[in-house]
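Here is a short report on one protein chain. It covers charge, fold, surface and packing.

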Amino acid sequence: KIAENQLRTRDTAEEGLKTLDGFETEDSALYRAAYYYDENDYDKSLSILRAYHDAKGCTCSVNGAIAGICITSLHDYRAALHYLRESFYVCRESSETALMISVLYRLLCIGNFRLLEKSRIWAQTAFALDSSDKYALSMIVHLFIKNRPAYVESKIDTYLERPSAQKSKFYTRARILKAQCRFVIGKYGDALATLQELTGTEEYAGAVWNNIALCNLKIGSQERALRNMAKALEKSVQKNDREQVAENYIRMLADAQRYREASDLYEKTGFTTCPRTRDEYLDRFSVYLRTLKNQSRMKEYAELLQNVFENAESPAVKNCAAIDTIRFCYISGTISGTVCRKTADFIVEQCLNGQSLAENLNDAVFVLLEQNRNIPAPLLARFTNYIRKDPYYAATWGLYQFRVKNNAGKGAEYYSAAMQLAKDSALYEELTYKCHYELARNYLQNGNTRAAGKEVEALIKKCPDSLFWYRTAAQRLTAGKIP
């Protein structure tokens with residue numbers, strides 16, 4: 001006890017460490033390790049604990065402390081797993097240890113289904129050991145609700161049936177999660193009935209009204225859903241809850257074509273204009289971009305994309321901005337400009353280095369064709385593997401036939417194949433007018449002005465406002481300008 005007190009004062013700490021060093025007990029090892037940990041000497045702290053472990057064997061406290069340092073200071077999750085699993089099997093089968101193992105496997109499982117399965121097994125183990133553990137239940141919800149909502153609901157029922165459940169602050173949250181299971185299963189009426197019983201709660205009021213809004217949207221009551229979401233935003237107190245509700249509300253307003261309200265809410269909420277992660281870009285920022293585009297705020301739209309591309313730290317976020325920039329430049333007729341060439345170079349480099357998603361291959365080949373640039377052979381070789389499987393790839397291969405091979409027949413053939421693949425989507429109409437434009441361009445390039453004129457006339461006459469850029473491009477061809 002004297003040595004422990006000495007560690008609390010810098011002047012006597014050295015003496016306290018020497019005293020503790022004379023003991024070979026678990027407590028002395030933990031005290032010395034804690035001292036060095038507080039001094040940010042994590043390696044020394046870890047060496048003390050590992051030395052005790054290797055000499056005396058596994059104990060819950062020492063193994064837990066080693067795992068804690070590995071996780072929080074060294075970010076070595078695999079090493080932490082080794083000590084936690086040993087603690088679980090050798091010392092004590094505890095729900096807390098099983099849950100931590102599940103969490104670590106979840107952190108390591110990106111792109112590895114086997115580790116995801118291990119995370120699920122350990123979460124189930126944690127809940128089996130203690131069905132009153134709200135954290136174990138939350139982990140089961142996180143890992144299973146998308147694919148096995150009925151199973152998750154059964155575990156929530158197990159929790160709710162415990163006599164102690166109603167006294168817990170988590171009781172209301174568990175009922176909200178039960179309603180969420182009903183929602184995922186598609187039983188929106190049941191989910192609504194549960195949620196409406198919880199509208200009087202204060203702590204989770206934002207989540208309750210948010211979920212009521214989502215249920216009403218699913219059953220076709222859009223206006224009611226919007227009113228519910230406004231109430232959810234009003235009732236949300238915690239910053240994270242408020243941001244999630246605001247994100248859902250913005251998307252709902254955008255889907256209702258109330259673009260100005262959606263963009264105003266995005267700006268008022270203080271959401272970033274330079275997303276940190278790909279999910280943040282796709283789930284939140286892309287909706288804001290859509291609201292700007294539909295308000296014809298194109299200058300802001302372009303500047304935002306350029307800012308994200310130039311300043312994003314994440315290559316995945318930069319990649320998203322590059323793809324959207326290419327599509328914007330294509331629509332606005334500036335695809336050969338300096339900005340688009342720069343973003344195209346980035347996408348091509350990512351594809352050649354194997355650092356991009358498969359769908360980006362199509363964007364890379366498409367933009368190079370539109371810019372009349374050479375396509376690197378390795379890029380083209382990878383691209384051809386997808387032609388028969390995807391309408392975008394088939395259409396871009398048709399563009400390759402038009403632009404590189406000067407073969408209008410083959411080009412039209414591949415556009416037709418692309419349209420067949422996309423016959424049940426909005427892409428079908430766009431591919432139709434793109435094919436007409438490429439035919440007109442090819443005819444004009446080869447001196448067949450009469451055939452080109454017919455294609456251009458039909459395109460200008462029939463092209464809808466939603467695809468205005470094809471009409472604009474066709475009008476350039478009438479002036480004899482071939483891009």
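## Charge

The protein chain carries 66 positive and 58 negative side chains. The centres of these two sets are 7 Å apart. The model is predicted.

## Fold and extent

The protein chain has 27 helices and zero strands. Its radius of gyration is 30 Å, while the globule rule gives 23 Å for 483 residues, so the chain is more spread out than a compact globule. Along the principal axes, the C-alpha atoms of the protein chain fill a box of roughly 100 × 55 × 40 Å.

Sequence separation can be read from the contacts. Take those in the protein chain between residues at least 6 apart in sequence: 51% of them join residues at least 24 apart.

## Surface and burial

The protein chain exposes about 25300 Å². Carbon and sulfur atoms supply 48% of that area. Of the 483 residues, 46% count as buried.

## Nonpolar cores

In soluble globular proteins, nonpolar side chains tend to be buried together. In this model, the largest nonpolar core holds 98 residues. Tyr281 and Leu379 touch the most other members. Helix α19, residues 315-332, gives this core its largest share, with nine residues.

How values were computed. Residues numbered from 1 in each chain as written. Predicted model: local features only at pLDDT ≥ 70, side-chain atom pairs only at ≥ 80, totals over all residues. Heavy atoms only, no water. Helix = DSSP H or I, 4+ residues; strand = E, 2+ residues; numbered from the N terminus. Rg over C-alpha atoms; globule rule 2.2 N^0.38 Å. Buried < 20%, exposed > 50% of the residue type's maximum accessible area, 1.4 Å probe, protein only. Contact = heavy atoms within 4.5 Å. Areas by Shrake-Rupley, 256 points an atom, 1.4 Å probe, with all protein chains shown as cover. Lys, Arg positive; Asp, Glu negative; His and termini not counted. Charge placed at Lys NZ, Arg CZ, Asp CG, Glu CD. Core = buried A, V, L, I, M, F, W, Y, C linked by side-chain atoms within 4.5 Å.
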